[in-house]
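User: Hi! I am new to protein structures and would like to go through one step by step. Could you help me read it?

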Amino acid sequence: MISYEYLDQDYTSGTPPKRGMWWRVIGWASIAMAVVLVGTSLAAYAAYRKLEGNIKHEDVAAQLGGKRPPKLNKSLNVLLIGSDQRNGANAKYGRDVGERSDTMILLHLSPGGGKALGISFPRDSMVQLPQCKSTSGHTIPAHLGMINESFNNGGAGCTWHTIETLTGIRIDHFVKVDFSGFKRVVDALDGVQICLPKRVADKSSKLYLGAGRHIVKGEQALAYVRMRHGLGDGSDTGRIKRQQKFLGAVVKKATSNGTLTNPSKLLSFLDAMTKSVTTDKDFTVDEMKKVAGSVQGMSAGKVQFITVPWGLYPPDPNRLAWKQPDANNLFSAIRNDNKVQAETPVKKVKLQPSQVKVRVLNATTTPGLAGRAGDQLTQRGYQVGKVGTFTGTKPSQTELLYGAGADQQAAALAQVVPGAKPVAGQDTPAGTVDLVLGPDWQGLKSAGSSNIPASTSAGAVNAAADPCADKS
């Protein structure tokens, strides 16, 4: 305990001051300090209440079910959902009833701010959707469908349940952003830099910009991430790549101008962000502050965006299917907070397609699959013999079986067959390779494609990258 007795004496003059003078000085200083502290606390409390009051919350606990994936470590997984809701401030974009989502990204934050990875789920992915509750409380049975049906039918809670069921990854929170909210967040950063490979004049999105670098805000930023036909090949996966680049630029801007470390800028950014989102009821401002704190030391170079490995869905070329085992390997890495590794490349064999004789056998229940695969091989120049049904034990994935003397031919064919490793086949004729199509079959690799799966860093968008470095 501090003694104040010596404050009653003036050691510089040797003359005792009037008793109580120091106490009055300390008293006034204490009052002043109290005013400052209380004033600061009230200001902070008012700011906190304002931010907390900005957020719209949804209670989705009932939609998640009782059998959820376990939490394996202290990483944080946040599901980001882009909503095209058209009511209120969004009415000018159309008056469609309800809301849909073209953007689903799972943001994985490693403990201690070591790294962050955003995984995009293409909306056209055909997946086995689990049973869900609709927003009106009706039960939606499990069925095969496009992944974005989960949001259309049951909102954020159903999408959360779907992603957890398909990936086995425990999700901690969700954040839903609509058109107006997206513009508000971008404007809070005073715009984001993009790079256009060519002049864009798109009437549909109303984006009109020349080639090269631009700082976009508001309507221009929204048009850039929404447009499909003015840039790239017009596909949803092409738009995903552009959205990933944009989010990378957002991260780069936020970390480079001190938004996350400057209290004033952070408060302004949080104000704009909290006005723009809907979250689960547990994702409070306190939780958001923890997230911001965990990434304060993270540079943009530690943030990457990738897409779930995919291929064409055989029954419908306008839809996608996830490539296996690449997709499951990615999900396992995320669950365990491990680095996503590339597959060991298949050793290349210098044989011409015309030197490979192959039989195509369908081991699935999908009719016509062998015929379509045979057509692909024929177009590539392979010698296609029998095309029919596999009569042996059904494999869990596509296999390459080779007969006597055809090991090199099988190795050559493996270079264009995703995930299949050649093994000797007991019933395969000499000099022939059997391509046995399993439930994972999604077609041959594109000509000249790599053996490294799309889930590796080679296919990732790095937030620190120059937007003009890759003009795709």
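This is a predicted model: local features need pLDDT of at least 70, side-chain atom pairs count only at pLDDT 80 or more; totals for chains, interfaces and linings use all residues.

User: Let's begin with a pair of helices. How are helix 4 and helix 7 oriented to each other?

Analyst: The axes of helix 4 (residues 179-188) and helix 7 (residues 263-274) come within 8 Å and cross at roughly 170°. An angle over 145 degrees counts as roughly antiparallel. Therefore helix 4 and helix 7 are roughly antiparallel to each other.

User: Which residues make that contact, and how many of them are nonpolar, polar and charged?

Analyst: Helix 4 brings Arg184, Val185 and Ala188, and helix 7 brings Phe269, Ala272 and Met273. Sorted by type, the residues of this contact are five nonpolar, no polar and one charged.

User: Which residues of helix 4 are buried, and what do they pack against?

Analyst: Helix 4 is mostly covered, with seven of its 10 residues buried. The buried ones are Phe179, Ser180, Gly181, Phe182, Lys183, Val185 and Val186. They pack against strand 9 (173-177), strand 10 (192-196), strand 13 (212-216), helix 5, helix 6 and helix 7.

User: Helix 5 came up there. How is helix 5 placed relative to helix 6?

Analyst: Helix 5 (residues 218-226) and helix 6 (residues 236-256) have axes 8 Å apart, and they pack at an angle of about 140°. Roughly antiparallel would need an angle over 145 degrees, and roughly perpendicular covers 65 to 115. The angle of about 140° therefore makes helix 5 oblique to helix 6.

User: What types of residues build the contact of helix 5 with helix 6?

Analyst: From helix 5 come Ala221, Tyr224, Val225 and Arg226, and from helix 6 come Arg239, Arg242, Gln243 and Phe246. By type, they divide into four nonpolar, one polar and three charged.

User: Is glycine 218 buried or exposed, and which residues does it touch?

Analyst: Glycine 218 is found in helix 5. Its relative accessibility is 11%, so glycine 218 counts as buried. The C-alpha atoms of glycine 218 and aspartate 187 are separated by 6.3 Å, although these residues are 31 residues apart along the chain. Leaving out residues up to four places away in sequence, glycine 218 touches Lys183 and Asp187.

User: Now serine 256: is it buried or exposed?

Analyst: Serine 256 is found in helix 6. The relative accessibility of serine 256 is 57%, so serine 256 counts as exposed.

User: And what about asparagine 329, how does it count?

Analyst: Asparagine 329 has its place in helix 9. With 45% relative accessibility, asparagine 329 counts as partly exposed.

User: How many disulfides are there, and which cysteines form the link?

Analyst: A disulfide is a covalent bond between the sulfur atoms of two cysteines. The structure holds one disulfide. The sulfur atoms involved are 2.3 Å apart, and they belong to cysteine 132 and cysteine 158.

User: Where do those cysteines sit, and what is the handedness of their link?

Analyst: Cysteine 132 is in strand 6 (residues 132-133) and cysteine 158 is in helix 3 (residues 149-167), 26 residues apart, and the pair links distant parts of the chain. Both cysteine 132 and cysteine 158 are buried. The angle about the S-S bond is 110°, and the link is right-handed.

User: Where is proline 325, and what kind of peptide bond joins it to glutamine 324?

Analyst: Proline 325 lies in the loop between strand 17 (316-322) and helix 9 (326-335). Omega is about 10° for the bond joining glutamine 324 and proline 325, and that peptide bond is cis.

User: What is phi of aspartate 190?

Analyst: Aspartate 190 is in the loop between helix 4 and strand 10. Phi is positive here, in a residue other than glycine, with a value near 65°.

User: To finish, how many helices and strands are there, and what share of the residues counts as buried?

Analyst: The protein chain has 11 helices and 23 strands. Among its contacts with a separation of 6 or more, 69% are between residues 24 or more positions apart. Of the 472 residues, the share that counts as buried is 45%.

Terms used: Residues are numbered from 1 along each chain as its sequence is written. Side-chain values use heavy atoms; hydrogens and water are left out. Axes are lines fitted to C-alpha atoms, for helices over the stretch in contact, and angles run from 0 to 180 degrees between N-to-C directions. Helices (H or I, at least four residues) and strands (E, at least two) are DSSP runs, numbered from the N terminus. Angles under 35 degrees count as roughly parallel, over 145 as roughly antiparallel, 65 to 115 as roughly perpendicular and the rest as oblique. Contact means heavy atoms within 4.5 Å. Ala, Val, Leu, Ile, Met, Phe, Trp, Tyr, Cys and Pro count as nonpolar, Asp, Glu, Lys and Arg as charged, and the others, Gly among them, as polar. Buried means under 20% relative accessible area, exposed over 50%, partly exposed in between (1.4 Å probe, protein chains only). A disulfide is a pair of cysteine sulfur atoms within 2.5 Å.
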